[in-house]
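Hello,

Here is the structure I promised to pass on to you. Have a look at it first, and my notes follow below.

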Amino acid sequence: MAKKTLNIVESAYRAVMEEQDDTVLWLLAAMQGAGAQHTVVLRGNAVNYAVAGQGVPGLTVGEWKQTQAPKMDRDVLDLIEKRKIPVYVVTEDLAERGIESRELVPGVHLLSRTALPGLFAEHTLVAHW
Amino acid sequence: MSKKALTVALMDPPYESENLTTAFRILDVAARRGYDINVFAYEGASGLAFTRQMPHPNPVHGKNVAEENHPTTKDQVAALLAETEKNGGKLDWVNCGMCVDERGVGEFVPGTRRGSPADFHAFVEASDNVLVIPTK
């Protein structure tokens, strides 16, 4: 039985254009495929990853064009639906940014900061990214 | 109006921040306008033009190499060189020599060159404006 790891993801939109995804969410998805057991909490600016309908035009430099620009809402949905990784979003961080829960992709769990310690207790390891 | 000369200093390594995407967006516009462009690639940015970068498949995305079409900064540098030349400008891309040696990234995109802080100084003196995009 794999150790249950709680991953608190706070760093957001760092190198997502060059990597075409978030490197932490990518790593967790890849590890889940290897048998790991992860839970994700999006906090701080990373709560924006769960907002549905986001996207960005690919980078263009002269004749060179990026064709697979990142879509972070798609990647969050992939964690939830395909990887079966629970994804929580900190409600206070949503409120501070003016994001309403109805704007989020389906399947994310809302979590108050005061409820975080309870989640810690359910996991063997806690990683803050 | 006389031709503009712009110098940009970069510090971030490829694949670790959004700063370089911002830089390439700015450089692309300058190239399309036919500006003369100087780039001083310092510290991690000295790896931007490293020719042994390779695109890879992405099993998490379920895509092969062609489908993922992973960007490499060496291709962006090469495209910038071509775009600048096409529009009558000149791109002088200098890779900090000591930074390159530290990282073992001495194989550059053709048209870029090895240099030193003295090149950056000369760029600053000769430019209409200078933009430093530092690592934070």
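Predicted model: local features only at pLDDT ≥ 70, side-chain atom pairs only at ≥ 80, totals over all residues.

B:L10 and B:A41 touch the most other members of the largest nonpolar core, which has 38 residues. A nonpolar core here is a set of buried Ala, Val, Leu, Ile, Met, Phe, Trp, Tyr and Cys residues joined through C-beta atoms within 7 Å; buried stands for 20 or more other C-beta atoms within 10 Å of the residue's own, with C-beta atoms placed from the backbone. Strand 1 (5–10), helix 1 (19–32), strand 2 (36–41), helix 3 (73–86), strand 3 (91–96) and helix 5 (117–126) of chain B each give two or more residues to this core. Helix 1 of chain B provides the largest share, 6 residues. Helices (H or I, at least four residues) and strands (E, at least two) are DSSP runs, numbered from the N terminus.

Leaving aside residues up to four places away in sequence, B:A41 touches B:L10, B:S46, B:L48, B:A49, B:W93, B:V94, B:N95 and B:C96, where touching means C-beta atoms within 7 Å. Another core, of 30 residues, lies apart from the largest one and includes A:A50, A:V76, A:L104 and B:V60.

Over in chain A, 5 strands make an open, parallel sheet in the order 6-5-2-1-7, pairing being at least two DSSP bridges between two strands.

Residues are numbered from 1 along each chain as its sequence is written, while chains are lettered from A and ligands numbered from 1 in the order in which they are written.

Best wishes

Key. Buried ≥ 20, exposed ≤ 12 C-beta atoms within 10 Å, placed from the backbone. Contact = placed C-beta atoms within 7 Å.
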